[in-house]
Amino acid sequence: MKNWKPNSWRTKTGKHLPVYENEAKLNEVLKEISKFPPLVFAGESRTLKQILGDVSEGKAFLFQGGDCAESFEEFHPDNIRDLFKVILQVSLILTVSSHLPIVKIGRVAGQFSKPRSSSTEIINGKELPSYLGDNINGMKFDEQSRKPDPIRLLKSYSQSAATLNLLRAFSQGGFADLSKVHLWNMDFVNKSADKKFKEIQNKVMDALNFMHACGITIEQNRRLRTVNFYTSHEALHLPYEEAMTRVDSTTGEYHDTSAHFLWIGDRTRQIDGAHVEFCRGIKNPIGIKCGPSLDAKELIKLIEVLNPEDEAGRITLIARFGHDKVEKFLPKLIQAVKKSNKKVIWSCDPMHGNTIKSTTGFKTRPFKDIISEVKSFFDIHQGEGTYAGGLHIEMTGKNVTECIGGAQNITDKDLSSRYHTHCDPRLNANQAIELAFLISEEIKKNSKYSINSIRKAS
Ligand code: PEP
Ligand code: CO
């Protein structure tokens, strides 16, 4: 990598980077973090990149989901378990409809820093710096907690390590065993989604019994007992990401070991900016958020800078336009990428372009707009002859009331009852499962690979 070092981003302009009062303290903390064990291994990110390469060819589908922002307050094993359960459920629903392997990536174990639309917040006439995520400052509206504090980086590293440890145990230790599919149910899931999911459970159990009769048993097949689960977050806090970047001893390449997959936000994807500079040198798979302000030529340049060798699985384009803008902006980008022949994955984030203020004053997202953007995303790809390869959502396994609508019919008035998010409104478990069922048909049409098509092709 020419003229690149883990710290070369420091020579560029970086938006949304926190400013610390005590720089010496920050450097001390970063030095400490740079000696901590990596959270993920380079080999794991490489494997993920290979599987994402399959997604780019339409042979698999990507599902990425989790909190908008993880918090110290919501850190609890039950929350991690419930998020994992819903990701397993959604993935199973998508597998059954698409007949494709689902690549599972959590927005978890490191998703702390947030870019904010305004650098300050005013409450009752008092103005303070905005909340920037638990690894930078505190939510509480007072001067002290809104000051960036480097010590928070140590706490978020430790929370990420413990979260990842539990997720690894869940994925490999028996919880994800397909014959235990009934354990993934959530008590509060509404009746109709619950009934539909039970039908899927029965299908799975039938298939397992059939395979067992044919001599293919769960005991012999690790693939039926475990899942591969990967982590991701926005590569926003560059000093932290730099401290977590290490040389992979097997290849000599740099990897950011804070997560398997890192993405560049819609607000920090300037081609000559610090975030792009940092991401071009690390070998992890990289996401680029694509919003309405992204010009097609700029996107091609970005892809060239970040993936000069056109490696499959390296780039995931995460479209986040809004249900009313996706038809206007997405086709141009798809056409430009098609023309350039670059290998990318197209994923849909139907959350960030659909945020509104409720009549009761809460930031919310209407479920119907989320569904509408996902459906348009699939239709547009169908029309362009390209592959709609993924879904990226903000969600939780808890029964929160943050997004309006869905089968539970959450209204503006209900929002205050369980509004727990530290940043953007998330789909609750019900809504995430409902979304998976509602887009099943789209996914089925979209899927080009099934046993039949592979048979026909061979
Ligand atoms: C996010 O994914 O939390 C986010 C801030 O998204 P975007 O960069 O697309 O606004
Ligand atoms: Co968000």
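Reader: In what sense do strand S1 (residues 61-66) and S14 pair, and over how many bridges?

Author: In this predicted model, strand S1 (residues 61-66) runs alongside S14 in the parallel sense, and 5 bridges join the two strands. One of the residues concerned is Gly66, whose bridge partner in S14 is Glu394.

Reader: What makes S11 and S14 a pair as well?

Author: Strand S11 (residues 345-348) and S14 are linked by 3 bridges, again in the parallel sense, and because the rule asks for at least two bridges, the pairing of S11 with S14 stands. Within this pair, Ser347 lies opposite Gly390 of S14.

Reader: How do you know whether Glu394 is buried or exposed?

Author: Glu394 belongs to strand S14, and its relative accessibility is 0%. Because buried means under 20%, Glu394 counts as buried.

Reader: Which side chains make polar contacts with the side chain of Glu394, and what makes these pairs qualify?

Author: The side chain of His352 makes a polar contact with that of Glu394 at 2.8 Å, and the side chains of Arg365 and Glu394 are joined by another at 2.7 Å. The cut-off for a pair of N or O atoms is 3.5 Å, so the values of 2.8 Å and 2.7 Å both fall within it. Leaving out residues up to four places away in sequence, Glu394 touches several others, among them Gly66, Cys68, Arg107 and Asp424.

Reader: Why is Phe170 called buried, given its relative accessibility of 14%?

Author: Phe170, which is found in helix H4 (residues 151-172), has a relative accessibility of 14%, and because the limit for buried is under 20%, Phe170 counts as buried. Beyond its neighbours within four places in sequence, Phe170 is in contact with Ile80, Arg81, Phe84, Phe175 and Ala176.

Reader: What makes the space beside Asp67, Glu70, Glu74, Asn79 and Ile80 a cavity?

Author: A cavity is a set of points where a 1.4 Å probe fits but cannot get out, and by this rule there are 2 cavities of 30 Å³ or more. The largest cavity, of about 190 Å³, is lined by 16 residues, with Asp67, Glu70, Glu74, Asn79 and Ile80 the closest to its centre. H3 gives the most to this lining, with 3 residues, and by class the lining has 5 nonpolar, 6 polar and 5 charged residues. The second largest cavity holds about 70 Å³, and its lining includes Gly110, Phe112, His233 and Tyr240.

Reader: What, by contrast, makes a space a pocket, and how is the largest pocket lined?

Author: A pocket is an open set of points. The largest pocket has a volume of about 1700 Å³ and is lined by 44 residues, of which Leu92, Thr95, Leu100, Pro101 and Leu178 lie nearest its centre. Helix H5 (191-213) is one of the elements that each supply at least two residues of the lining, and H5 gives the most, with 8. By class, the lining of the largest pocket has 25 nonpolar, 9 polar and 10 charged residues.

Note on methods. Residues are numbered from 1 along each chain as its sequence is written. Chains are lettered from A and ligands numbered from 1 in the order in which they are written. This is a predicted model: local features need pLDDT of at least 70, side-chain atom pairs count only at pLDDT 80 or more; totals for chains, interfaces and linings use all residues. Side-chain values use heavy atoms; hydrogens and water are left out. Helices (H or I, at least four residues) and strands (E, at least two) are DSSP runs, numbered from the N terminus. On a 1 Å grid over the protein atoms alone, a cavity is a set of points where a 1.4 Å probe fits but cannot get out, and a pocket is an open set with protein on both sides within 12 Å along at least five of seven lines; lining residues have an atom within 4 Å of a point. Grid points are joined across faces, edges and corners, and a volume is the space filled by probe spheres set on the points. Ala, Val, Leu, Ile, Met, Phe, Trp, Tyr, Cys and Pro count as nonpolar, Asp, Glu, Lys and Arg as charged, and the others, Gly among them, as polar. Buried means under 20% relative accessible area, exposed over 50%, partly exposed in between (1.4 Å probe, protein chains only). A polar contact is a pair of N or O atoms within 3.5 Å; within protein, one must be able to donate a hydrogen and the other to accept it, and residues adjacent in sequence count only if both atoms are side-chain atoms. Contact means heavy atoms within 4.5 Å.
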